[in-house]
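Trainee: I would like to learn how to read strand pairing, interfaces and confidence. Can we work through a case?

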Amino acid sequence: MLRTRRRLMTVGLLATTLLTIAVSASADVIDPVNCVTDPTNPACVIQIGDPGGGGGGGSSGSSGCRNEQGQAIPCFIPSKGWYGGDGCWYKRAQGAELDAAEALGGKVDPPVYWYVGSCGDPITNFWPANLVRFRVYGVEPGVELLAQDAIRHLNLPRPAIRLNPDSSPTDPTRRAVPQVVFVPTWMWIDPVVWAPRSATASIAGLSVTAVGTPTTVTWSTGDGHTTTCGKGTPWTSGIDPKAPSPDCGHVYTVPSRNAAGGKYTVTATITWRVTWSGGGASGTEPALTSTASVPVQVLEAPAVNTRPAGGDR
Amino acid sequence: MWQAYIEAIRIPDPNYPDLARYSQADALNLLVRGLTTVQQQGLVGQGDVTLNPSVTAANPNTSPPTVELKDCVDTSKTRLVKKDGSPYQDTPGGKRSAKATVARISDGVWKVTEFAIFGVGTC
């Protein structure tokens with residue numbers, strides 16, 4: 001399998017000029033895929049699906065390519081190839097076209113190849129005869145398109161913040177319990193959220209799956225402290241509430257009464273590693289994040305586990 | 001073009017003849033502006049950049065025809081110092097993502113018409 005690590009980039013160099021000159025061409029009935037008249041054409045629509053498996057999440061639906069004016073355009077045109085994001089549709093350059101590309105831009109070595117782009121406007125079916133653009137691709141442009149689309153549909157969930165003492169109850173009808181200074185706070189992300197998410201984009205027989213995997217959580221505890229953890233360990237009843245979390249905790253030393261609203265804002269940000277594979281290629285993209293916050297009251301006096309007859313005070 | 005720029009900044013000379021030999025338009029203006037600032041601040045460049053350009057696109061229908069390049073320019077072995085030897089602290093160099101458009105003016109004559117060079121650590 002060809003492995004590439006690259007950022008997906010679309011260059012909109014030609015698009016603006018092309019689409020402003022493409023105004024008054026007559027529609028052509030043999031236009032193979034006009035996505036304005038036939039938006040359900042499979043070649044116009046990227047199908048988004050959750051490939052299933054244990055990952056959970058994902059989404060289903062459809063998406064498509066759009067020009068700079070936001071109009072739907074085909075991602076793939078059988079005679080011209082894949083949309084390059086720049087007003088041109090690309091397929092591998094061969095023969096005279098390859099010669100022309102190499103004459104201007106030089107030879108390129110595998111795994112990258114010259115592609116030839118037909119530049120124009122499929123909506124008005126305006127294809128200036130001589131207007132071509134050559135581009136060098138390592139991954140087929142359709143694979144790049146689908147990878148971008150799959151990543152866009154990952155629907156990475158916001159962190160479900162869990163704390164002990166329970167200031168962020170799962171059941172919203174339950175009352176939030178305040179934190180107490182010098183009593184260890186346990187912090188973790190609900191396991192429902194802490195799982196890989198995947199989405200698959202497919203079109204014209206080509207399919208790319210993107211996977212988002214949670215790697216770290218950055219906690220801002222609202223009192224000026226920040227800590228980075230994994231998912232954290234859930235506190236369960238039976239564990240000594242005065243014991244610190246083995247891997248993700250905090251100890252407040254200053255009560256929150258002087259903070260805005262008398263509460264600190266606890267923020268958790270999950271960093272998701274993003275990878276994709278399909279169409280004979282795979283790659284890693286820049287990480288994504290998702291964030292959530294909860295207000296947390298921190299009290300000064302130990303308000304729990306004290307009894308008049310306890311003898312520990 | 002970068003070779004001409006490196007030679008120019010060692011003097012430093014915003015009117016270094018090779019600048020206009022290898023660049024024009026926006027690219028040349030940017031180089032001249034940068035070198036003028038260096039000159040006015042009494043600075044001079046040292047060291048050399050490492051280049052590894054590759055072609056990303058070719059536009060045969062533009063006038064003149066153009067080729068687009070990308071590069072990862074390594075500036076870690078370069079620095080700016082005061083020409084008179086007084087202390088000056090510049091920011092450390094490193095690998096910078098870069099792209100450029102090169103126009104074929106005539107057979108065998110190419111000039112950079114525009115370029116963009118991004119921050120340290122972008123490639």
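Trainee: Which residue of β16(A) is the bridge partner of Thr185(A)?

Mentor: Start from the bridge, then move up to the strands. In this predicted model, Thr185(A) bridges to His250(A). Thr185(A) belongs to β12(A), residues 185-189. β12(A) and β16(A) pair over 2 bridges, in the antiparallel sense.

Trainee: Now the interface. How many residues of chain A are in contact with chain B?

Mentor: Count both sides. 13 residues of chain A contact 9 residues of chain B. Next, ask which elements supply them. α2 (95-105) and β9 (132-137) of chain A each give at least two. β9(A) has the largest share, with 5 residues. By class, the chain A side has 8 nonpolar, 3 polar and 2 charged residues.

Trainee: Which strand of chain B pairs with β9(A)?

Mentor: The partner is β2(B), residues 54-59. The pairing is antiparallel, over 2 bridges. Arg135(A) stands opposite Ala57(B) there.

Trainee: And confidence: where in chain A does pLDDT stay under 50?

Mentor: Chain A averages a pLDDT of 78, and 76% of its residues score at least 70. pLDDT stays under 50 over residues 1-44 of chain A, and also over residues 51-59 of chain A. Beyond four places in sequence, the model has 85 contacts for residues 1-44 and 22 for residues 51-59.

Technical notes: Residues numbered from 1 in each chain as written. Chains lettered and ligands numbered in written order. Predicted model: local features only at pLDDT ≥ 70, side-chain atom pairs only at ≥ 80, totals over all residues. pLDDT = per-residue confidence, 0-100. Contact = placed C-beta atoms within 7 Å. Helix = DSSP H or I, 4+ residues; strand = E, 2+ residues; numbered from the N terminus. Nonpolar A, V, L, I, M, F, W, Y, C, P; charged D, E, K, R; others polar. Pairing = 2+ DSSP bridges.
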